[in-house]
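These notebook entries record what I looked up in one structure, taken in order from the sheets to the ligand shell and single residues.

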Amino acid sequence: MPTPLVRIDAVHKHFGNNHVLKGIDLRIQQGDVVAIIGRSGSGKSTLLRSINGLETIDDGLIEVDGERLRAGQTDLRALRQKVGMIFQQFNLFPHLTVGQNVMLAPQVVKKTAPADCEAIARAMLLKVGLAEKFDAFPDQLSGGQQQRVAIARALAMQPKVLLCDEITSALDPELVNEVLAVVKQLAAEGMTLIMVTHEMRFARDVGNKLVFMYQGKVHESGDPKELFANPKTPELQSFIAAVN
Ligand code: ADP
Ligand code: MG
């Protein structure tokens with residue numbers, strides 16, 4: 001096994017008395033497409049948020065491309081440059097154009113020269129199929145288009161791994177596929193992806209690793225097609241039965 005791109009060792013997280021992550025261990029290789037599934041409240045978002053330091057962990061270790069994050073650590077600049085994250089809500093700045101939204105982080109965080117920022121932004125918008133929307137404002141776009149801009153914005157920082165937390169859950173059903181198509185294309189290009197999703201077919205067909213979380217633990221993990229066909233635990237069996 002090569003050195004994992006993302007290593008999660010014995011990670012614990014509490015919110016007050018609520019023990020939300022109870023010793024998570026995961027190894028994610030460059031190019032892996034990991035789907036995380038599980039009931040509401042099982043700790044999926046907290047795990048993703050811990051990977052890019054939006055939550056501090058209480059115990060254990062997270063390492064992304066050689067950048068270590070330890071319990072209680074708060075200086076996260078190096079780690080955050082390696083990790084992109086996309087949320088259910090797109091969180092675009094409404095007063096900035098699409099192009100300005102995508103250019104902002106490279107400009108401010110990486111101090112990339114303006115001409116280079118524009119070139120990167122145009123390339124990323126082309127990748128998500130929205131080159132012609134460079135000068136549009138977010139409220140002129142559909143929800144699916146706005147989420148694709150959010151993907152372009154994350155990609156503009158050239159992350160090593162992209163975290164997606166239920167990125168199609170706020171969309172009207174007819175807009176889900178255009179966003180999933182972009183994610184699928186990124187996966188095919190070799191981007192390392194960790195996605196919390198309710199799209200079970202997508203998790204099975206696009207992911208190469210499935211992680212089922214249950215009550216703050218990785219309850220089952222492995223090959224998606226194998227796990228969907230032969231869930232070993234009653235908890236995964238009933239989860240799959242409930243979502244189908
Ligand atoms: P999931 O994404 O699987 O639905 P979460 O990671 O959001 O689960 O939540 C796991 C548990 O942590 C839940 O019990 C939730 O109420 C709690 N939790 C999440 N975020 C916070 C927070 N900021 N403060 C307190 N409790 C939280
Ligand atoms: Mg969640």
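**Entry 1. Terms and source.** I count two strands as paired if DSSP finds at least two bridges between them. Helices (H or I, at least four residues) and strands (E, at least two) are DSSP runs, numbered from the N terminus. The model is predicted, and local features need pLDDT of at least 70, side-chain atom pairs count only at pLDDT 80 or more, and totals for chains, interfaces and linings use all residues. Residues are numbered from 1 along each chain as its sequence is written, while chains are lettered from A and ligands numbered from 1 in the order in which they are written.

**Entry 2. The four-stranded sheet.** I noted an open sheet of four strands with antiparallel pairing, in the order E2-E1-E4-E5. Its edge strands are E2 and E5 (67-70), each of which pairs on one side only. On average, neighbouring strands in this sheet are turned by 20° against each other, direction ignored. For such angles, axes are lines fitted to C-alpha atoms, for helices over the stretch in contact, and angles run from 0 to 180 degrees between N-to-C directions. I then looked at the pairing of E1 (residues 6-15) with E2: the two strands run antiparallel and are joined by eight bridges. Within this pair, His-14 stands opposite His-19 of E2.

**Entry 3. The six-stranded sheet.** I found another open sheet, in which six strands follow the order E6-E7-E8-E3-E9-E10 with mixed pairing. E6 and E10 (217-222) are the edge strands, and each pairs on one side only. Here, too, neighbouring strands are turned by 20° against each other on average, direction ignored.

Four bridges join E6 to E7 (residues 161-165), and the two run parallel. Met-85 stands opposite Leu-163 in E7. E7 is in turn joined to E8 (residues 192-196) by five bridges, again in parallel, and Leu-162 stands opposite Leu-193 in E8. Helix H6 (residues 173-188) packs on the sheet and touches E3 (33-37), E7 and E8; its direction makes about 145° with that of E8. Two residues are in contact if their C-beta atoms, placed from the backbone, lie within 7 Å.

**Entry 4. Sides of E6.** Which way do the residues of strand E6 point? From E6 (residues 83-86), Val-83 and Met-85 point one way and Gly-84 and Ile-86 the other way, and all are buried. A residue is buried if 20 or more other C-beta atoms lie within 10 Å of its own, exposed if 12 or fewer, and partly exposed in between, with C-beta atoms placed from the backbone.

**Entry 5. The chain as a whole.** I counted nine helices and ten strands in the chain. Buried residues make up 41% of its 244 residues. The C-alpha atoms fill a box of roughly 50 × 40 × 35 Å, taken along the principal axes. Among contacts between residues at least 6 apart in sequence, 63% join residues at least 24 apart.

**Entry 6. The shell around ligand 1.** Which residues surround ligand 1? They are Phe-15, Asn-18, Val-20, Gly-38, Ser-40, Gly-41, Ser-42, Gly-43, Lys-44, Ser-45 and Thr-46. A residue is near the molecule if its C-beta atom, placed from the backbone, lies within 6 Å of it. The elements that give two or more residues to this shell are E2 (18-28) and helix H1 (44-51). H1 gives the most, with three residues. By class, I recorded two nonpolar, eight polar and one charged residues in the shell. Ala, Val, Leu, Ile, Met, Phe, Trp, Tyr, Cys and Pro count as nonpolar, Asp, Glu, Lys and Arg as charged, and the others, Gly among them, as polar.

**Entry 7. Single residues.** Asn-91 is not a glycine, yet its phi is positive, near 55°. I located Asn-91 in the loop between E6 and helix H3 (98-108). Asn-91 is partly exposed, because 13 other C-beta atoms lie within 10 Å.

Glu-166 also has a positive phi, about 50°, although it is not a glycine. Glu-166 lies in the loop between E7 and H6. With 19 C-beta neighbours inside 10 Å, Glu-166 therefore counts as partly exposed.

Glu-118 lies in helix H4 (residues 114-127). Is Glu-118 buried or partly exposed? Glu-118 is partly exposed, because 18 other C-beta atoms lie within 10 Å. Glu-118 and Val-102 are 16 residues apart in sequence, and their C-alpha atoms are 8.6 Å apart in space.
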